[in-house]
Amino acid sequence: AKGDLDGAIADDDKAIELDPNFAAAYHNRGLVKMDKHDFAGAVADFSKAIELSPNFAVAYYNRGRARQAEGDIPGSVADHDKAIALSPALGNLTPPR
């Protein structure tokens, strides 16, 4: 159902169970955790997505958003810089410095 964040996490958990190397599932679960304001959980999931797929620019971008929400500004800036280095178009989405 629309807005079923717990259901979305359960679906991502199942995808990860079926394929523990599926970086997109960790990324998607991180996005849901962001919606739930579980920023530490989101950072962990985005970090796992990056570990599995080191050039996953959007995962760096979203980890930067989660770090910013946690108050980790240096970490946020570093992640946004890496995201832009991997995909310059993301520079249009990052917050001004």
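**View 1. Leu-90 and its contacts in this predicted model.** Skip the neighbours within four places in sequence, and Leu-90 is still in contact with Ala-57, Val-58, Tyr-61, Ala-83 and Ile-84. Leu-90 turns up again in the next close-up, as a member of the largest nonpolar core.

**View 2. The largest nonpolar core.** This core has 13 residues, and those touching the most other members are Ala-49, Phe-56, Ala-59, Ala-83 and Leu-90. Three elements, α2 (23–35), α3 (39–52) and α4, each give it two or more residues. Helix α4 provides the largest share, with 4 residues. As a bit of background, nonpolar side chains in soluble globular proteins tend to be buried together.

**View 3. Another core, apart from the largest one.** Here we're looking at a set of 6 residues, including Met-34, Phe-39, Ala-42 and Phe-46.

**View 4. Arg-63, a buried arginine in helix α4.** Arg-63 sits in α4, which spans residues 57–70. With a relative accessible area of 11%, Arg-63 counts as buried because that value falls under the 20% cut-off.

**View 5. Pro-88, out in the segment after α5.** Pro-88 follows helix α5 (73–86). Its relative accessibility is 64%, over the 50% cut-off, so Pro-88 is classed as exposed. Along the chain, Pro-88 and Ala-57 are 31 residues apart, and their C-alpha atoms are separated by 9.4 Å. Ala-57 is also one of the residues in contact with Leu-90 from the opening view.

Key. Residues numbered from 1 in each chain as written. Predicted model: local features only at pLDDT ≥ 70, side-chain atom pairs only at ≥ 80, totals over all residues. Heavy atoms only, no water. Buried < 20%, exposed > 50% of the residue type's maximum accessible area, 1.4 Å probe, protein only. Core = buried A, V, L, I, M, F, W, Y, C linked by side-chain atoms within 4.5 Å. Contact = heavy atoms within 4.5 Å.
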